[in-house]
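Subject: Structure handover

Hello,

Here is the structure for you to look through. Please open it first, then read my notes below.

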Amino acid sequence: MGNKIFSIPEQMQAIEIKEFGAPENLHLCFRSVPNLSDNQVLIKVSFAGVNRPDLLQRQGNYKVPDTASDLPGLEVSGIIVDTKGSNLKFNRGDKVCALCHGGGYAEYVAVDVGHCMPIPNNYSLREAACIPETFITVWSNLFIRGKLSKNEKVLIHGGASGIGTTAIQLAKQFGSTVYATAGSDEKCNAVEKIGASKCINYKSMKFEDEINQLTNSEGVDVILDMVAGSYIPRNLKCLNFDGRLVIIAVQGGIKDEVNFANIMIKRQTISGSTLRPQSSSKKSEYVESLIKNTWQYLESGKIKPIIEKEFKLIDAVNAHKALEKGDHIGKFIMRVS
């Protein structure tokens, strides 16, 4: 679209956390439009993704890096209206989606240019807002850290979540056999429609027993886990020899006991990561790898974000309540402008 000139106001609307606690602690406010550092772009936000780290930040359970905005919001789509730096790969007027270091719940956000991605062909800005935090989390953990490859078997917990629906679609496209867990028969049916060979209702069945039955007691090669806690020893019971368990959240707690002898005998690997504290350059690597390896599937329509509901920015309280309720399939997003 070229290097256009945009009129940028001094103030913007944003959602801030007045104090840690309930969703009602989110408040509409006015803030100064962010100033840019070198190699950053200013995005006029169209849509912002709503993610579980946003809930944790609001609750006071997710430390915000000193270098980050105190405003919640880790992924957006929109239009670049200003740039700072030379030889940037994006210009004013370009439509992008971007991984934010916080600050996405606002009309404008400053983002490192390396964390911006072009909107995939045939994607709307609405759909593209679901990509950055969610797809990078899945790609960096399931495929880079977990080394999931073709013809391997994978178990994805929280299969109906934004992370889960993304992971299932990606793993399916890369030739893996996908198993998942979800908390209702309705969710399990939806998860199987998007690519899981079998989704296990964890409220009525023991997933480790079901997985071992489905795999003739071999287990799966990779597990993507957002529960941790008591799930860890149960995961290891249905993880194959040389299997990899990747932990991306601790919704079930931070502690439990495991049998290290069995881990040694089966040569299993336990690892995990959180995205936000990682360096800007590492995030840029993830962005480049994601575009290189997955854009073809997004642009061909083989992978589409599952959007449960769209809220307005001023309705952030209800967006958080909906995500906390947990009966959704896919993602919640907010329309900002």
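Predicted model: local features only at pLDDT ≥ 70, side-chain atom pairs only at ≥ 80, totals over all residues.

E133 is buried (under 20% relative accessible area, with exposed over 50% and partly exposed in between, using a 1.4 Å probe and protein chains only).

Residues are numbered from 1 along each chain as its sequence is written, and side-chain values use heavy atoms, with hydrogens and water left out.

Back to E133. The residue lies in helix α3 (residues 132-145). Helices (H or I, at least four residues) and strands (E, at least two) are DSSP runs, numbered from the N terminus. Which residues does E133 contact, leaving aside neighbours within four places in sequence? They are N51, P53, L74, E75, L99 and L275. Contact means heavy atoms within 4.5 Å.

Next, the aromatic rings. The structure holds six aromatic pairs. Rings of Phe, Tyr and Trp (its six-membered ring) pair if their centres lie within 6.5 Å; planes under 30 degrees apart count as stacked, over 60 as edge-to-face and the rest as tilted. Why is the pair of F143 and F174 tilted? The planes are at 50°, with the ring centres 5.1 Å apart. This pair links distant parts of the chain, 31 residues apart. F143 is in helix α3, and F174 is in the loop between α4 (162-173) and β9 (177-182). F143 is buried at 11% relative accessibility. F174 is partly exposed at 22%.

F311 and F332 also form a tilted pair, 5.9 Å centre to centre and 55° between the planes. F311 is in strand β14 (residues 307-312) and F332 in strand β15 (residues 331-335). F311 is buried at 6% relative accessibility. F332 is buried at 4%.

There is a cluster too: W139, F143, F174 and Y297 form one aromatic cluster.

Last, the start of the chain. N3 is in the segment before β1 (11-17). N3 is partly exposed, at 48%. Its C-alpha atom is 4.6 Å from that of R92, 89 residues apart along the chain.

Best wishes

How values were computed: Lys, Arg positive; Asp, Glu negative; His and termini not counted. Salt bridge = Lys/Arg side-chain N within 4 Å of Asp/Glu carboxyl O.
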